[in-house]
Amino acid sequence: MAEYDFPHDLRDAQLRLHRTRAAYAALCRELPWSVEPAPGWEGDKQLHSDRRPGLPDSPGYTEQQKEEEKRLRGLLLELSAAVSTHPYWQTLRGPELVSARMVLKQNATRPAAEKG
């Protein structure tokens, strides 16, 4: 694998992006299926199966959940833009640029527990 001398601020932004993405995914797993309160539903029995698709009633998001989802989503957009438009990328061209972006994304800043 090629070695790249990424600027400190770019590495920091990418690491924050990884962490924010993980926090956002964790939050989304805990949220109700509907932002606003909504009744559940049950679909028709699936052909050749006993499965009936459906969802329980949704209490909707709390105000705290709405604010946290909005905050994390905004931070994801901000960090994604900061990483993808960083001036460092102007120093590379072609396949080297693609390789460097992948190294930064997959290896250079990802916490050890997330690699693999």
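Reader: Which residues of α2 are buried, and what makes them count as buried?

Author: In α2, they are Glu69, Leu72, Leu75, Leu76, Leu79 and Val83. Buried means under 20% relative accessible area, exposed means over 50%, and partly exposed is in between, with a 1.4 Å probe and protein chains only. They cover an arc of only 135° around the axis, so they sit on the same side of α2; the arc is that of the directions from the helix axis to the C-beta atoms. On the other side of α2, Glu63, Glu67, Lys70, Leu77 and Glu78 are exposed.

Reader: Before we go on, what kind of model is this?

Author: This is a predicted model, where local features need pLDDT of at least 70 and side-chain atom pairs count only at pLDDT 80 or more, while totals for chains, interfaces and linings use all residues. Residues are numbered from 1 along each chain as its sequence is written, and side-chain values use heavy atoms, with hydrogens and water left out.

Reader: How do you know that the span of α2 agrees with what it should be?

Author: Helices (H or I, at least four residues) and strands (E, at least two) are DSSP runs, numbered from the N terminus. The expected span of a helix is 1.5 Å times one less than its number of residues. For the 22 residues of α2 that gives 32 Å, and the end C-alpha atoms are 32 Å apart, so the two agree.

Reader: Why is Phe6 called buried?

Author: Its relative accessibility is 6%, and the cut-off is under 20%, so Phe6 counts as buried. Tyr88 is buried too, because its relative accessible area is 13%.

Reader: What makes Phe6 and Tyr88 an edge-to-face pair?

Author: Rings of Phe, Tyr and Trp (its six-membered ring) pair if their centres lie within 6.5 Å; planes under 30 degrees apart count as stacked, over 60 as edge-to-face and the rest as tilted. Phe6 and Tyr88 have 5.5 Å centre to centre and 65° between the planes, hence edge-to-face. Phe6 lies in the segment before α1 (8-30) and Tyr88 in the loop between α2 (63-84) and α3 (94-108), so the pair ties together parts that are 82 residues apart in sequence. Their C-alpha atoms are separated by 7.6 Å.

Reader: Which residues do ring pairs link into a cluster?

Author: Tyr4, Phe6, Tyr88 and Trp89. The charged end of Arg101 sits over the ring of Trp89, 4.6 Å from its centre; the rule asks for NZ of Lys or CZ of Arg within 6 Å of the ring centre and within 35 degrees of the ring normal.

Reader: What makes a nonpolar core, and which residues of the largest one touch the most other members?

Author: A nonpolar core is a set of buried Ala, Val, Leu, Ile, Met, Phe, Trp, Tyr and Cys residues joined through side-chain atoms within 4.5 Å. Of the 20 residues in the largest one, Phe6, Leu10, Tyr88 and Trp89 touch the most other members. The elements that give two or more residues to this core are α1, α2 and α3.

Reader: Is Asp44 buried or exposed, and how do you know?

Author: Asp44 has a relative accessible area of 65%, and exposed means over 50%, so Asp44 is exposed. Asp44 lies in the loop between β1 and β2 (54-55). Not counting residues up to four places away in sequence, Asp44 touches Arg51, Arg52 and Pro53, where contact means heavy atoms within 4.5 Å.
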